Amino acid sequence: MRIRFICIHGHFYQPPRENPWLEAVETQDTATPYHDWNERITAECYGPNASSRILDAKDRIVKIVNNYSAISFNFGPTLLSWLEQSDPETYAAIIDADRISRERFDGHGSAIAQAYNHMIMPLANRRDQQTQTWWGIRDFEYRFGRKPEAMWLPETAVDVASLEALAAMGIAFTILEPHQALRWRKIGDERWTEDSGAIDPTMPYRCNLPSGKSIDLFFYDGAISRAVAFERLLARGEDFAHRLLGAFGEGRNHPQLVNIATDGETYGHHHRNGDMALAYALDYIDEQKLSRIANYGQFLAATPPTHEVQIAERTAWSCDHSLGRWERDCGCSTGGDAGWNQQWRAPLRAALDWLRDECITIFEMRGAALLRDPWGARDDYIEVVLDRSEDNIERFLARQMMDEDRSAAAKVAVLELLEMQRNAMLMYTSCGWFFNDLSGIETVQVLHYAARVIQLAEKVSDSSLESEFLARIATARSNLPHRGDARQIYEREVKPTRVDLRRVAAHYAVASLFDNFAHDDLVYCYRVRQTDFESFRAGRSRMAIGSVTVTSLITHEEASFDFAVIHLGETELTGGVRTSTAAIDYEAMKSALSEDMRLNGVSAVIRVLDEHFEKESLLSIRSLFRDEQRRILNVLCDATLSEAEGAFRQLHERYDPLTRFHAALGVPLPKVLRTAAEFDVNMQLRRMATASELPLGEMESRLREARDERVVLDETTLMSLTRAVERAASGVWRDPDDLERLERWETLVAVVRESGVDVNLRRAQNDYYRLMKTVRPAKAANAGNGSSSATRWLQHFDALGEKLSISPEARS
């Protein structure tokens, strides 16, 4: 009997998107209605794959499964770091999937590591290859609690040096595309086979390296992988299953592993409901016993390589031009208008290479006086990236710093040098070159990292790097004339976002007019401690005066500032921030401003502000960081929006009969009336959905109105309704015995479903499914024993399940 296995690998990855000065992802408008692309893709892909549905013939849920536990997968470390903070439920499901897979696959976990920040390894220098590998391993160990057997090479970009870096650190295998096999032979034979793309992908291969080490390689099935990614094979799960099964070769006598590899985002983000096709295919194969589901580690342990292979160097799965996609205008792109090119790639990489090399010199010269082994310290710095607690940072510094100087200033210098190096690696994230234009968010993000590198390098070395860097990137031109060249993009979109401690103090000063900060509080990755703070009011105006110390939690740099800021009403405010002066000077300023505020009015206060603060230190709404700027602008505009909302509501209500008549006849509504109806209905529904006590009757009326008048509910409204259903579900999950909560949840779902609104019920269904598996059995037993309350609970719970499209079969 032939031994047949199937393994599906998903490469789950997003480029790091954090503002390098704030260590947080800021709003990305192109991801609307989500905050940013990480959040959007999590909702479409990463979350659904942790709880994917298998449906019956009536499209009701019969199983909810964690896809990650049945496939091979890797997650980019920077993405996992974001998930840990921003979606702990999905993060926990990913970590748990590896534990479950170890139980299923003979002790071999399905998770594999990834080179840290998706740098193209063959284009990296030797030290970066080493650090990227080590950081990927340590991040994996920190999260999954075990050593990785394998590592994903970004874009499967490979050369012998990259494989040497993996093998040197104990990585047993990696996964490549079939065309990356140059030649192969049975171990012990002399004759090599060379036939590009024709390698048998159903077995592992040994790759012997010049160092004397070796690493095993799997080559995925290219045709099926392309069909999954680009040819809509995921349109039907059963078709997907049969395509996999059809890849077994009847003439092969060895144990076969049909394996495919694609971007993990294929399953849900690129192809809607792709996660369900994946779940169905795996379940179908397993239930029908058509093949064994496996992961690479399990198969390799049972079936060691019988053949050896040599790789085609400087190749990748997404470029046929010797890695040209990340170096030059090779022809690979993601589209664009006629005549577009990617000639910007070469000068961008050359400029970053120059900056990296300048920083190597700075790092080695400054680091030699502070660190026992500068490059060893950089490798070890992943321990700080993973845990920035004060105690852990002190332990790291104790391990790495020279004994001669351990002053606070020296510690700051060490952390700044290492942050310079961290950002110098982040600026090589592959997505910076992958897409079609220099002005895309991925390439601009790379420039942000470069700007942070320059800022830190100039600070620790007193060198001047920015002007030379700008001259070098100026020859990289966008295909969009209005975006200009890379220098112009840097000056316009990157430089204004640079942050120093004064900028943090300025943000804090303006925000203090609207927020109540604690004495010791956090502003992103900065700690702000008040030495003094007081606010004053005069009519509609409010003034805040303070003296604060700002400390970076990343580099421990610290400075003190005085500020005064006054809000004059709506969006008008002014003020200033300055380096702290003597306490007597600060008190004099505070006394003068407070007296003028009380006795002489706003105009006198503004004159005093001009005396104490230089023009370039003046404050405005622009002093706020982007997300807070938007939040506070929404607060300031609330009165104006309320007025506009009232006007639209009045217009809608007045002409409501006419709107309904148009809808009944199928006649298009005049634009002004349609706009009024859509604005009014959407705003009312959002307010209802976010209320602490949901007005279910009113909500039902508005939803019926939207249906009758053919009002389009926008994505923000749909998201608000989704969140309302999720809150109701969470309430029952926290207190399953509260029948009133259960009834409210049931009613809300009924209202939403009956209106035909496309609300995402995934999380609510997940909560219901867990309750069905954990709480319902006990309730059913109590009902069987004559408990009337349990019987009533069961009636409502089962009715809710029907409304949530949960099949009764799922109870078994």
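Q: Is S322 buried, partly exposed or exposed?
A: In this predicted model, S322 has a relative accessible area of 34%. Buried means under 20%, exposed means over 50%, and partly exposed lies in between (1.4 Å probe, protein chains only). S322 is therefore partly exposed.

Q: At which pLDDT do side-chain atom pairs count?
A: Residues are numbered from 1 along each chain as its sequence is written, and side-chain values use heavy atoms, leaving out hydrogens and water. The model is predicted: local features need pLDDT of at least 70, totals for chains, interfaces and linings use all residues, and side-chain atom pairs count only at pLDDT 80 or more.

Q: Which loop holds S322?
A: Helices (H or I, at least four residues) and strands (E, at least two) are DSSP runs, numbered from the N terminus. S322 is not a glycine, yet its phi is positive, near 55°. Its loop lies between β13 (307–311) and α10 (345–368).

Q: What is the phi of L323?
A: L323 is found in the loop between β13 and α10. This residue is buried, with a relative accessible area of 0%. L323 is not a glycine, but its phi is positive, at about 65°.

Q: What is the strand order in the open sheet of five strands?
A: Strands of a sheet pair through backbone hydrogen bonds, either parallel or antiparallel. Two strands pair if DSSP finds at least two bridges between them. Here the pairing is antiparallel, and the order is β14-β15-β16-β17-β18.

Q: Which strands stand at the edges of the sheet?
A: An edge strand here has a single partner strand, so one side of it is left without a neighbour in the sheet. That describes β14 (520–523) and β18 (572–579).

Q: Which residue of β17 is the bridge partner of V550?
A: Strands β16 (residues 541–552) and β17 (residues 558–569) run antiparallel, joined by 10 bridges. In β17, V550 has as its bridge partner A559.

Q: What angle does helix α20 make with β16?
A: Helix α20 (residues 583–599) packs on the sheet, touching β15 (526–538), β16, β17 and β18. Contact means heavy atoms within 4.5 Å. Axes are lines fitted to C-alpha atoms, for helices over the stretch in contact, and angles run from 0 to 180 degrees between N-to-C directions. The direction of α20 makes with that of β16 an angle of about 160°.

Q: How many aromatic pairs does the structure hold?
A: Rings of Phe, Tyr and Trp (its six-membered ring) pair if their centres lie within 6.5 Å; planes under 30 degrees apart count as stacked, over 60 as edge-to-face and the rest as tilted. The number of aromatic pairs is 31.

Q: How far is R325 from the ring centre of F434?
A: A charge sits over a ring if NZ of Lys or CZ of Arg is within 6 Å of the ring centre and within 35 degrees of the ring normal. R325 lies over the face of F434, and its distance from the ring centre is 3.6 Å.

Q: Which cysteine sulfur is nearest to that of C45?
A: A disulfide is a pair of cysteine sulfur atoms within 2.5 Å. The structure holds zero disulfides. The nearest sulfur to that of C45 is 15 Å away, in C431.
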